[in-house]
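Keep the 3D view open as you read.

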Amino acid sequence: MFEDALCELCGRAPDERLLTTRDLAWGQPGQFNLMRCRGCGLIITTPRPVPAEIGRYYAPWYDGRPLESIARERAESPLYRFIHWMRLRVLERSGPLTAGMNVLDVGGGLGDQMACFIARRGVRGTTLDFDPATAAASLVRGRAAVCCGDLLEADLPAEAFDVVTLYETLEHVYRPRATLVAARRVLKPGGRLVIEVPDFDSPWRRVFGRYWFAMMTPTHLHHFTKPSLRRVAESAGFAAVRHVATFCPLESAMSLLIAYRTATRTREADLTAGWNAWPHVPALLAIGAWAVCGDVPIQAAMWLVGRTGIQTLIARKK
Ligand SMILES: [Zn+2]
């Protein structure tokens, strides 16, 4: 059910243990180490669930709610709309995104990011997600090519895309380097690759440790710092164009919520379960107040000095 992971870049077992944790979000079985490879700095979750078992760690994510309604909520949510717009802005700092450009979003999930690219810039979109139910509920069905599968096995044409994006995706794959090599194959010469992943060097990660919002073991199989992400991209045949910290407004509030849920053994659904949720109201109000009065201004300052929990690398195919 579990396997020991090797460093994909160096082909050896990672040797420096950083911490031991478990599935804090949903309480699924297993104990996982975050191990750093001294050869290349990549941080790897090991042992990790074997690929055939990883689905059970994703199963509780949407709490059994219909994916179509989650997709609609996202399309209308001010927070998600802000994230989509911000990603578009970051991408356009490396060059324009214009009507008719071919864009592939790997790990495109419910299609909310692609919906923004299509609505605002008129791109020709393709999304790829490994989960058939998620792909079936995609917001861009009918407006983009919605594919289901893994980029390593997907039957996509070579040199077909101007831009390939991986938002919150590369940390979930078993073979990040091979995934970027596959992204390189489908990019046109000089095409752009956009990778957004958590930044393990975030100051809030040092504060919260295993409760940090982006730890998310075991679904996060790799954990990147800025140097290690760049190393993986360069080893796959890309040259970095821009590498920035991404504004991440609720980093410490979300980490506080994970610490609170773990300490009180509370499921996410219990926090919104009507009258049963009332014992949690004081803590939720306190975390909410912190989010607005503390987290947002602190994160804005951290973003200005380039030290948030999310990083975006834009690179060109060499
Ligand atoms: Zn290594």
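Helix α3 (residues 78-92) and helix α4 (residues 112-121) pack at an angle of about 60 degrees, and their axes lie 10 Å apart. The model is predicted. The crossing of α3 past α4 is right-handed. On the α3 side, the contact is made by Tyr80, His84, Trp85, Arg87 and Leu88. On the α4 side, Asp112, Gln113, Cys116, Phe117 and Arg120 make the contact. By class, the residues of this contact of α3 with α4 divide into five nonpolar, two polar and three charged.

Stay with one of these residues, Trp85. Trp85 sits in helix α3. Is Trp85 buried or exposed? Trp85 has 12 C-beta neighbours inside 10 Å. A residue with 12 or fewer counts as exposed, so Trp85 is exposed. Trp85 also gives a sense of distance across the model. Between Trp85 and Leu221 there are 28 Å in space, C-alpha to C-alpha, and the two are 136 residues apart in sequence.

Now turn to another helix pair. Helix α6 (residues 176-186) packs with helix α8 (residues 226-235) at an angle of about 50 degrees. The axes of α6 and α8 are 8 Å apart. That angle makes α6 and α8 oblique to each other. The crossing of α6 and α8 is right-handed. Which residues make the contact? From α6 come Pro176, Arg177 and Leu180. From α8 come Val232, Ala233 and Ser235. The contact of α6 with α8 has four nonpolar residues, one polar and one charged.

Next, the loops and their backbone geometry. The peptide bond from Thr46 to Pro47 is cis, with omega near -5 degrees. Pro47 lies in the loop between β4 (43-46) and β5 (48-49). A cis peptide bond also runs from Thr217 to Pro218, with omega near 0 degrees. Find Pro218 in the loop between α7 (203-208) and β11 (222-223).

Positive phi values come next. Glu159 has phi near 50 degrees, a positive value in a residue other than glycine. Glu159 is in the loop between β8 (145-148) and β9 (161-167). With 12 other C-beta atoms within 10 Å, Glu159 is exposed. Glu168 has a positive phi as well, near 50 degrees, and is likewise a residue other than glycine. Look for Glu168 in the loop between β9 and α6. How exposed is Glu168, and with how many C-beta neighbours? Glu168 has 18 inside 10 Å.

Finally, step back to the whole chain. The secondary structure comes to ten helices and 13 strands. The radius of gyration is 19 Å, close to the 20 Å from the globule rule for 318 residues, so the protein is as compact as a globular protein of that length. Along its principal axes, the C-alpha trace spans about 55 × 45 × 40 Å. Of the 318 residues, 40% count as buried. What share of contacts between residues at least 6 apart in sequence joins residues at least 24 apart? The share is 74%.

Terms used: Residues numbered from 1 in each chain as written. Predicted model: local features only at pLDDT ≥ 70, side-chain atom pairs only at ≥ 80, totals over all residues. Helix = DSSP H or I, 4+ residues; strand = E, 2+ residues; numbered from the N terminus. Rg over C-alpha atoms; globule rule 2.2 N^0.38 Å. Buried ≥ 20, exposed ≤ 12 C-beta atoms within 10 Å, placed from the backbone. Contact = placed C-beta atoms within 7 Å. Axes fitted to C-alpha atoms, helices over the stretch in contact; angles between N-to-C directions. Parallel < 35°, antiparallel > 145°, perpendicular 65-115°, else oblique. Left-handed = near helix turned anticlockwise from the far one by under 90°. Nonpolar A, V, L, I, M, F, W, Y, C, P; charged D, E, K, R; others polar.
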